[in-house]
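Visitor: Please take a close look at a single part of this structure. Then go on from there to whatever else can be described.

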Amino acid sequence: MGKLRVVLVSSEVAPFAKTGGLADVAGSLPLALESLGCEISVFLPYYRQVKDKDFGIKAAKKNMAVKSGNSDISFSLYVCKIKKVGFYFIEKDEYFDREFLYGTAKGDYPDNAVRFSFFTRAVLESIVALGLNPDVIHCNDWQSALVPFYMRHRLQDFGSINNARMLFTIHNMAYQGLFPKEIMPHIDIGDEFFTPETLEFYEKLSFMKSGIIYSDAVSTVSKGYAKEILTKEYGCGLDGMLAVRRDDLYGIVNGVNYSNWSPAADKFIKVNYDNKNLSGKIKCKKDLMSQLKIKSSADAPLLGVVSRLAEQKGIDIIVHSVPEIIKMGCSLVVLGLGDEKYHKLLIGLSKKYPKNIAVKIGFDNPLAHKIEAGCDMFLMPSRYEPCGLNQLYSLKYGTIPVVRATGGLDDTIIDYYSDRTNGNGFKFMRADTGDFLDGLKRAVSVYKNKKKWQQLILKAMKCDFSWENSAKEYIKLYKIMKSKNRRFS
Ligand code: ADP
């Protein structure tokens with residue numbers, strides 16, 4: 001049998017462009033698939049932030065066009081290779097030469113429907129033009145969810161790759177790509193697709209529904225979340241639709257790229273360390289404290305947060321817990337970007353408690369690494385968490401996760417109090433200040449026992465969430481899809 005040919009489509013891919021976990025996944029899964037023998041190409045927009053850095057990207061094809069109504073929208077295709085993986089960039093400055101990927105702190109860009117509908121059609125055009133002939137096209141989140149729709153309904157343009165199976169991976173149910181109906185003629189979708197059985201969702205056009213309905217299989221990023229999204233509480237209104245696809249719904253947990261996220265190899269931290277010699281960890285802590293001007297004793301617990309500042313992440317729970325956190329003798333560092341209301345609240349707290357609380361508003365990858373290495377505990381009181389990557393990174397750095405038992409957090413963290421042999425962190429049940437503080441108090445009481453804490457650190461550092469296992473699961477799924485008939489023939 002020849003190599004499995006896979007095309008992965010994502011609106012963000014690390015190291016090129018990143019706002020969250022999707023980029024990490026789309027950057028590292030392809031490399032893992034390649035080392036397991038797949039032939040893989042990845043597509044993303046050519047954003048300003050990609051152009052501004054030197055990745056060695058070269059022109060691949062000029063004079064490409066997406067047919068839209070009676071006119072053609074031109075674009076160019078660029079490429080760079082990492083190992084044998086081709087990363088392809090759709091260049092259309094009108095849409096992608098902007099300061100941010102999706103919008104500013106004030107809100108989304110108003111033309112996101114047009115931008116990402118164009119992106120998906122340009123990807124399909126490019127797959128045809130490059131003769132990639134994929135076995136599977138693997139789309140991710142709403143930004144690439146229209147690929148299966150256009151593939152099915154634009155056979156005159158994309159029929160030559162119609163044999164490809166479609167996988168749609170949901171990284172977050174809450175971001176569905178909902179737009180006013182009026183946008184439909186501008187993105188080449190006829191009125192007949194504005195029905196509850198097709199793309200309509202409570203009087204809006206839903207990009208995500210295209211991914212769920214028209215793909216051969218749907219997956220999400222942990223087994224726990226795959227079950228949760230079938231419930232009303234987590235399904236964000238699409239639980240009924242997902243139930244229809246239950247037999248084609250899979251959960252595959254994300255992996256970690258340990259060449260980027262491991263204290264033994266990390267380029268950004270003050271001193272490297274590993275589980276045989278932890279002395280570097282305290283040096284990283286002191287370095288972080290001095291960089292962020294935290295004035296507490298180096299013996300006191302230092303808590304870290306690196307997060308999109310959104311309701312999902314339970315930032316309000318942390319904010320309201322701060323007086324108690326201070327009473328418990330802890331200090332806190334927060335790195336994040338997101339809703340302006342959280343920016344203000346957090347900055348207010350750092351002014352009120354300047355010795356114990358440091359807040360950095362912004363996206364800062366080197367600082368994210370320093371927080372992973374320098375903190376004692378990592379806080380994730382998420383309301384829901386499809387997979388969560390930071391708790392997995394934290395484990396590797398011996399920074400003990402304190403998490404809410406939900407989705408991928410529940411799947412990957414074993415509570416120390418429930419299982420002293422295998423415990424690798426602390427879990428609490430409800431997304432409220434009381435439960436969160438109880439969890440944190442349990443963590444702090446173990447922290448005070450140096451020997452037990454050290455054992456816990458070593459246990460956490462030994463956990464292995466490398467991509468190889470998850471990539472093998474994806475390959476298994478791609479093969480299942482290939483062995484079945486296409487959903488729409
Ligand atoms: P999500 O994808 O929901 O935002 P994940 O935990 O899956 O959450 O992944 C978040 C990723 O984004 C991690 O790699 C984390 O380090 C990174 N990240 C989030 N916010 C920031 C920030 N402000 N600066 C640097 N990295 C960040």
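**A sheet and its surroundings**

Guide: Strand S10 and strand S12 (residues 204-206) run antiparallel and are joined by 3 bridges. Leu178 has Ser206 in S12 as its bridge partner. The model is predicted, so local features need pLDDT of at least 70 and side-chain atom pairs count only at pLDDT 80 or more, while totals for chains, interfaces and linings use all residues. Residues are numbered from 1 along each chain as its sequence is written, and side-chain values use heavy atoms, with hydrogens and water left out. Helices (H or I, at least four residues) and strands (E, at least two) are DSSP runs, numbered from the N terminus.

S10 and S12 belong to an open sheet of 3 strands with antiparallel pairing, in the order S10-S12-S11. Two strands pair if DSSP finds at least two bridges between them. S10 (178-180) and S11 (200-201) stand at the edges with a single partner strand each, so one side of each has no neighbour in the sheet. Helix H7 (residues 207-214) packs on this sheet and touches S10, S11 and S12, where contact means heavy atoms within 4.5 Å. The direction of H7 makes about 45° with that of S12. Axes are lines fitted to C-alpha atoms, for helices over the stretch in contact, and angles run from 0 to 180 degrees between N-to-C directions.

Another open sheet has 6 strands in parallel pairing, ordered S17-S16-S15-S18-S19-S20. Its edges are S17 (357-361) and S20 (426-428), each with a single partner strand, so one side of each is left without a neighbour in the sheet. On average, neighbouring strands here are turned by 15° against each other, direction ignored. S19 (residues 400-404) and S20 run parallel and are joined by 3 bridges; Val402 has Phe426 in S20 as its bridge partner.

Helix H13 (residues 365-374) lies across S15 (302-309), S16 (331-338), S17 and S18 (377-380), running at about 145° to S15. Helix H16 lies across S15, S18, S19 and S20, and runs at about 160° to S20.

H16 (residues 433-447) also packs with helix H11 (residues 315-327), at an angle of about 50° and with the axes 10 Å apart. The two are therefore oblique to each other (under 35 degrees counts as roughly parallel, over 145 as roughly antiparallel, 65 to 115 as roughly perpendicular, and the rest as oblique). On the H11 side, Ile317, Ile318, His320, Ser321, Glu324 and Ile325 meet Thr433, Phe436, Leu437, Leu440 and Lys441 of H16.

Elsewhere, the structure holds 31 aromatic pairs. Rings of Phe, Tyr and Trp (its six-membered ring) pair if their centres lie within 6.5 Å; planes under 30 degrees apart count as stacked, over 60 as edge-to-face and the rest as tilted. The rings of Phe16 and Phe87 have centres 5.3 Å apart and planes at 55°, so this pair is tilted. Phe16 lies in the loop between strand S1 (5-9) and helix H1 (21-35) and Phe87 in strand S5 (residues 85-91), so the pair ties together parts that are 71 residues apart in sequence.

Pro15 also has its place in the loop between S1 and H1. A cis peptide bond joins Ala14 and Pro15, with omega about 5°.
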